[in-house]
Amino acid sequence: VETTLLSIQDKAATKQQMVEELLPRQFGRRGMIWTAILAAFCVVGAYAYYRQLKHGLVVTGMRDYVSWGIYISNFVFFVAISLVGSLITAIFRLANVAWSTPLTRIAEIIAVSAIIFASIIIVVDMGRPERFMNLFIYGRIQSPILWDVIVISTYFFLSILLLYFPLLPDLKILARHKQKSNKLFHGLYRFLGSFWKGTAAQFRLSERAINILCIIIIPVAFCIHTVTSWLFATTYRPGWDSTNFGAYFISGAFLVGAGGVVVAMYVFRKVYRLERYITPMHFDKMGKIVVLLCLLYLYFNINEYLVPAFKMKKPEEQHLSELFTGSFAPVFWFAIVVGMILPTIMLLFKKGRRPLPMFIAGIMIVVGAWFKRYLIVTPTLLHPFLPMHDVPASYLHYFPTWEEWAIAIGSLAGALLVITFFARIFPVIPIHETILEQHEKDEQF
Amino acid sequence: MKQYWSNMKKMNSFKLLFAGGIFLAAAVPVLAQDAEPKELLSAIAYHVPANGVPYLLVTTTSKLEKRLLPVPRVNFNVFMDADSIIISKGITDAEGKAIVYLPGFIRQAWDASASHTFILHTEAMKGFDETQSELAITKAKLLLDTVAGAEARTLRVRVLKLEGNEWLPAGDVELKLGVKRFGGELLAGEEETLTTDSTGYATAEFARAQLPGDQAGDIILVARIEDNEQFGNLVTEHKLAWGVAPRPSQAGNERSLWATRDKAPVWLIAAAIFIVVIVWGTIVFLVMQLIQIRRLGT
């Protein structure tokens, strides 16, 4: 009896310790500086957007030929990174990958913040944003743009639900630890989850809902990025005229999403001291997945460039020459080498899959992926089939103005700010699931 | 060493003087040539457009840098018949051209004779002397019609010239026959040019079957005499229902992927509705589950 009592006491103590470790914490000095920097970028971005609203899209570097600049590159980047929610949460959950539990919420919040800013940046790209509703009122169902609008809003709601359902048991824990939160947050926890009592019936309903969500979010996630790729591929232009674009975009999205999760894993592990929960084993396993995704994306890249290079039709030749040896070559080779080849080489070795090298590889993948999206959008627009004659010099090239940079950087900062605030308010690792897994391990032991 | 530099300086001064002398000797005639006025080439051409007022085209050019370049802003006067009637005082444009329409006040003098001479006089200007050129023309008519009863569609052009008070056939006149198309003229027959016979006629078979016409299927045929020494430039037009009326494309009115929003293909609408209903139905179901969870807890 004494042993049993001691065991129960130990379990209770372990649980309490886990809860203490996983509860959200107040920002320290570094957290405050980080938040202030992000907020400052957002304010500058908002001012730049005010200027764009006031003067029109003429403040950007976009003209008649390059009508999609870094806003659309940024949009494709956000859509790509949002795919990670379905990868980590849905696919791993359906495949019973137990080790992914500490990573699921990180993936979900990255997905939600990315999809929010994907929607915002597309409105920013509109010359007349007050006409946004016309998309719904006068939208043509034949247009991939309308498909994108439908699928993005659907994915947004599904991601919110996938974030919310697994959060319910944690909300109860958060509400119980009133002393650890302020009045505002406590009110929020109660508003969102006071009805969660943890009964068997509630768990059954929640589990079923999560399973349905995991199943349905995968095709929707595939759709969101396939449809985004079709915005380009349904247009007959050098660099976009491909039947492979859907798969090419999805493989790239999985890679950048996984890279983003690796970076977030490292940062949260360091800042919140979560070494017990996000272990080198997680980095090792994620590293292997990232290698696979790098090779997959590299394969699609070779496919995308080799086939047109083999045929070398005149407009394709100009486009490919610009990418491989022309003015876009430095960015192109940076995206390929830094964004794909170097991470693959690094992560092939066990030492390369330790937390710090993984973090560096993750940064390389994410930065490389952003420039890769720029390369997908802009060089093609600068190589139309008909020669560019009798046009102002500014139409012949494209470089973003400070307003575009400020808005693009502001949107990236905004996405990071959403993740930062979420991590301040909610636990970044699912507390209830982690405790449950620990109990299962103990019982097995 | 000092001696050496002194000798060098003397030598250089001598060379400099020698080179300067050579340059001046070469440059003086060149400069003198530049100062001489260049030759202005002035020309006048007579045009009778289809259904329009006859006009004279004045051009002022000069051979500059081995090319014939326009000389703009040249003041000129145009007279008719030995300086007796001044038709126009004008100035050429940036292209060295000016159009002078035959004014109404010369009608009496114009009708009095079958032939007239136009005299162009350009005033002297910086770099150019005054010039004078003449153009003698005989009044002519260009008639275009179809040949009735011919096996194939045949066109007939007739050129008549005025002699005394009589319109007589003009033979051996070269002309072109075309169809108006896309702002230019498409050859109507097989041959590039036609020449009138002694009766003043020239015929050609119409070789452009199924040519798109206007809404009624009409096409405009054009007969044209260009730069004829005796008659100048004459144009006449004739509208014929020998074209094909265009049938507007029905592509936008049928259900297709490229049609307007209300003409989307049924299969696409059905597929879209099916997918949206399935996915959003699931979302609604999940929200219902959430409501049920809420109900269980309260």
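Two strands count as paired if DSSP finds at least two bridges between them, and strands (E, at least two residues) and helices (H or I, at least four) are DSSP runs numbered from the N terminus. With that in hand, chain B has 4 strands in an open, antiparallel sheet, ordered β5-β4-β7-β8. This is a predicted model, where local features need pLDDT of at least 70, side-chain atom pairs count only at pLDDT 80 or more, and totals for chains, interfaces and linings use all residues. Residues are numbered from 1 along each chain as its sequence is written, chains are lettered from A and ligands numbered from 1 in the order written, and side-chain values use heavy atoms, leaving out hydrogens and water.

**The sheet in chain B**
- At the edges sit β5 (85-91) and β8 (131-138) of chain B, each pairing on one side only.
- β4 (residues 75-80) of chain B runs antiparallel to β5(B), and the two pair over 6 bridges.
- In that part of chain B, B:Asn75 stands opposite B:Ile91 of β5(B).

**Where chains A and B meet**
- Contact (heavy atoms within 4.5 Å) links 30 residues of chain A with 28 residues of chain B.
- The two chains bury about 2,300 Å² between them, 75% of it on carbon and sulfur atoms; buried area is the accessible area (1.4 Å probe) that two parts lose on being put together, summed over both.
- A:Gln142, A:Phe195 and A:Leu205 supply 26% of the area that chain A buries against chain B, more than any other three residues.
- Salt bridges (a Lys or Arg side-chain nitrogen within 4 Å of an Asp or Glu carboxyl oxygen) number 0 between chain A and chain B.
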